[in-house]
Amino acid sequence: MQLSDTETTALRRQSLSAQSAPGRLGGSEYAELSRLVRDAGLLHRRTRYYTWKIVATVAALAAGWAAFVVAGDSWWTLAVAAFLAVLFTQVGFLGHDAGHRQIFGSRRSSYIAGVLLGNLGIGLSYGWWVTKHNRHHAHPNTEGADPDITAGALIFTASQLKAPRGIVRLIRRYQAYLFFPMLTLEAVNLHVASVRALAGRTSRHRPAEAALLAAHVAGYLALVLAVLGPGLKAVAFVLVQQGLFGLYLGCSFAPNHKGMPVLTASDRSDFLRRQVLTSRNIRGGWLTDMALGGLNYQIEHHLFPSAPRPSLRRCQPLIREFCEQRGLPYCQTSLTGSFAAVLGHLNSVGRPGNAGRLAPSTAP
C-alpha cells in the first residue's frame, strides 16, 4: 500500500498514542481498515481513468476559450464565462488529486502536474495550497491547527465570536445570510493568497511557480482584452467567470466539514475517529461524483487521501459498514441537507441568541 505523507504521519502518531494509552484501539482499528481497503485493490493507481479525465478536461477548457474567441465582442461571452468557471473548478479538482498523489506515485510527477494544472491552468499556487491542505488533513476541524477554520471574514467556532466593532462584526453577525454572496469572492481571495505566498516563500520552486502563475494572469487578461477590449464587457466577463468559479469551488468544499464537530487543540482522538467524526459525505450518483470532484466521499478521502477518486465510491460501503460495526457515527446527507447544516452552524456561531433559525438538518 502506498501512503501519502499525511497518512504516514498519522499512522506514526497513532502508534505513539497507542503506546501511551494501551486501552485505546484506534491505531489497530485503522490498520485493520487499511488492510481491508488495500486487499480490495482500492489503493491501486487508476492511470487509464486519469489519462482520459485530464485529456477531456483540458480539451474542454481549450474549447471554452475557443468559444470565447468565436463569440467575439458580444454579451454571449458571459455564457462562456459561466462555462469556463465550471471548467476552472474541474481543473482545480484534478490539481487536488495530484496534490494527494492520486494520479502519480512519485512526488516529482505529482508536483509537475500540480503546477501545470494549478499555477498555469487556473492561476492558483499549487505549492502554497498543498502545504495548507496537508495541515487541514492532519488536523481537520481542530481549533488552532486547521487553517480552513481560521477566523477571517467568517468565523466557525464560538471562541472566534469576539471581533472589533464595525463592518467585520456586522458581517460575522449575518454570515449565514452572506455566505453564498461572499463565496463569489473566493477565487479572488485564493489568487491574492497565492501571490502573497509566492512573494514570501524562498523555496527552490518559487521562480518556476511564479513564472507559471504570471503566464496565466498575462495570458488570461491579454485574451480578454484582445477579444472584448478595455470596456464594460471585459469587466463583466472577468467578474462572472471569477465569481462563479469561486462560488462553485466554495460550494464543493464547504459541505465537507462545516457544521461538523470542532475539536480543541488538546483533543487526543485517534486518526480514525478524528477523520470520521469531523467529515460529512454527500449522497448522490455519478453526476454528484463528477460535480463535486469526488469530494462528496469526504470520509473515505480523509481516511485514505491517496486513494484515486474513482475508487472512493467503492470504498464507501466497506468503510461505512466498518464504522457501524464499531458504533462510530458515519454522517451522510443530501447536498441540500449539508448546506442547511452549514448555514445553521454559521448562524449559531455568528448569532448565538438566534441559533434556532436556519437550524441544521438532522436528516440522515
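**Reading rings and helices**

Tutor: This structure holds 15 aromatic pairs. Rings of Phe, Tyr and Trp (its six-membered ring) pair if their centres lie within 6.5 Å; planes under 30 degrees apart count as stacked, over 60 as edge-to-face and the rest as tilted. One housekeeping note: this is a predicted model, so local features need pLDDT of at least 70 and side-chain atom pairs count only at pLDDT 80 or more, while totals for chains, interfaces and linings use all residues. Residues are numbered from 1 along each chain as its sequence is written, and side-chain values use heavy atoms, with hydrogens and water left out.

Student: How do I describe a pair?

Tutor: You give the distance of the centres and the angle of the planes. Take Phe88 and Phe245: their centres are 5.4 Å apart with 80° between the planes, an edge-to-face pair.

Student: Where in the chain do Phe88 and Phe245 sit?

Tutor: Phe88 is in helix H4 and Phe245 in helix H11 (residues 232–253), so the pair links distant parts of the chain, 157 residues apart. Helices here are DSSP runs of H or I with at least four residues, numbered from the N terminus.

Student: Are Phe88 and Phe245 buried or exposed?

Tutor: Both Phe88 and Phe245 are buried. Buried means under 20% relative accessible area, exposed over 50%, partly exposed in between (1.4 Å probe, protein chains only).

Student: Why is the pair of Tyr220 and Phe237 called tilted?

Tutor: Because their planes are at 40°, with the centres 6.5 Å apart. Tyr220 comes from helix H10 (residues 206–228) and Phe237 from helix H11, 17 residues apart. Tyr220 counts as buried because its relative accessible area is 8%, and Phe237 does too, at 0%. Ring pairs also link Trp65, Phe68, Phe88, Tyr220, Phe237 and Phe245 into a cluster.

Student: How far does helix H4 reach?

Tutor: H4 (residues 77–99) has 23 residues and reaches 32 Å from its first C-alpha to its last, close to the 33 Å expected. The expected span is 1.5 Å times one less than the number of residues. H4 is mostly covered, with 17 of its 23 residues buried.

Student: Which charges lie over a ring face?

Tutor: The test is NZ of Lys or CZ of Arg within 6 Å of the ring centre and within 35 degrees of the ring normal. Lys258 lies over the face of Phe156, at 5.1 Å from the ring centre. Arg326 does likewise over Phe322, at 3.6 Å.

Terms used. Helices (H or I, at least four residues) and strands (E, at least two) are DSSP runs, numbered from the N terminus.
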